[in-house]
Amino acid sequence: MDGRPEGVRDPVLSVIFERAAAGSRPRQRADAHRVCLAVEGGGMRAAVTAGMCAMLGEAGLMDAFDCVYGCSAGALNGAYAAAGQATVWATSFEDTANRQFIDRRRVLRRRPVLDMDFLFGEVIGIRLPVSVAGLARGPEFRAVAVSLEDVTLRVLRDFGTVAELMAAVRVSCAVPLLGGAPPEFRGERMVDGGLLEPIPFRSALGDGATHVLVLRSRDARYRSRPYGRMVELALGRVHPELRPLVHTGDERYNHAAEELEALGRHPAGTPLVTQIAVPDGSRLTDRLSTDRAAIADSIRLGAAAMASALLGEPARVVWRPVPYAAGRLGFPAAAERAS
């Protein structure tokens, strides 16, 4: 049982709560499940899924996952969540809301809008390094990217060092045009995995997941519109091999969203997949936003959506995320949730 009121049970959350109550840890399981977390990206809009990951961490539930899959900015959220640093990382979205990282005016000087060296060198490398010990005891991590060698999906795994893991995250975050020259990973030039798998739940299922919790950076009813013609033409000049992916990107996103909606009804004979999303119509920050207040609001929206899903009732949170629901502060004890 997941500790929520009768009638709102969820098969994925139930297993997560059962593992938490039993003190189950990655690579030391007593059950045969493979429980995975899949984190959508979206640039600065991934502040939403950062808030969700922070709430999972604050609730003590990250150890219930066997593997975390992340795409683009969702790969950053997922890596820090796997290391037990989700709350710390969520605060970084406000730290990177500046022109040192994002500056649209750089286009006029033929420079990348996103300074990835600042993000990975200064913010991650110096201010907020990933915990080696945290990664060693947490769930496995995998990043999704697209290889420019054959324009196919790569699920990056089996990292020997934290530096190699973060190199995988960097290629997953490499937005064509906006982020500069495509970086390499293991000898291949790669770019943003969102071009082929914007919501990486299929990679988790392909690796044998029995339960997948999907964190959305949009509301569940959102459907993508086609890219503008100018964007497609500009990308085609720089990376002609990617132009077909951009042309069909909206269809790919919408098919994934519709599949998630169908799987969320948990029909018999299908994998157990549950998505967590903000309320329909929520106002979310832009993917290139430097508006700290809007970004903070998106973090809180994501944290509140996760808190409500875990508690089974509406919740509001204050940052550092602490859920308030039904006159109760915080989550019930693990034993209470499992009873």
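Five aromatic pairs are counted in this predicted model, where rings of Phe, Tyr and Trp (its six-membered ring) pair if their centres lie within 6.5 Å. Planes under 30 degrees apart count as stacked, over 60 as edge-to-face and the rest as tilted. One of these pairs joins Y80 and W89, whose ring centres are 4.3 Å apart with planes at 10 degrees, so the pair is stacked. Both Y80 and W89 are buried, a term that means under 20% relative accessible area, with exposed being over 50% and partly exposed in between (1.4 Å probe, protein chains only). Ring pairs also bring in F93, linking Y80, W89 and F93 into a cluster.

A further pair is formed by F159 and F185, with ring centres 6.3 Å apart and planes at 75 degrees, so this pair is edge-to-face. F159 lies in the loop between strand 4 (152-156) and helix 7 (162-172), while F185 belongs to strand 5 (residues 184-185), so the pair ties together parts that are 26 residues apart in sequence. Helices (H or I, at least four residues) and strands (E, at least two) are DSSP runs, numbered from the N terminus. F159 counts as buried because its relative accessibility is 18%, and F185 is buried with a relative accessible area of 3%.

A charge also meets a ring: the charged end of R218 sits over the ring of Y222, 3.9 Å from its centre. The rule asks that NZ of Lys or CZ of Arg be within 6 Å of the ring centre and within 35 degrees of the ring normal.

A cavity is a set of points, on a 1 Å grid over the protein atoms alone, where a 1.4 Å probe fits but cannot get out, and lining residues have an atom within 4 Å of a point. The largest cavity holds about 250 Å³ of space. Its lining has 19 residues, and those closest to its centre are G43, M44, A73, F101 and L119. Helix 3 (73-82), helix 4 (86-95) and helix 5 (116-127) each supply at least two residues of this lining, with helix 4 giving the most, 3 residues.

Residues are numbered from 1 along each chain as its sequence is written. Local features need pLDDT of at least 70 and side-chain atom pairs count only at pLDDT 80 or more, whereas totals for chains, interfaces and linings use all residues, and side-chain values use heavy atoms, with hydrogens and water left out.

Note on methods. 1 Å grid on protein atoms, 1.4 Å probe; cavity = no way out; pocket = protein on both sides within 12 Å on 5 of 7 lines; lining within 4 Å. Points joined across faces, edges and corners; volume = space filled by probe spheres on them.
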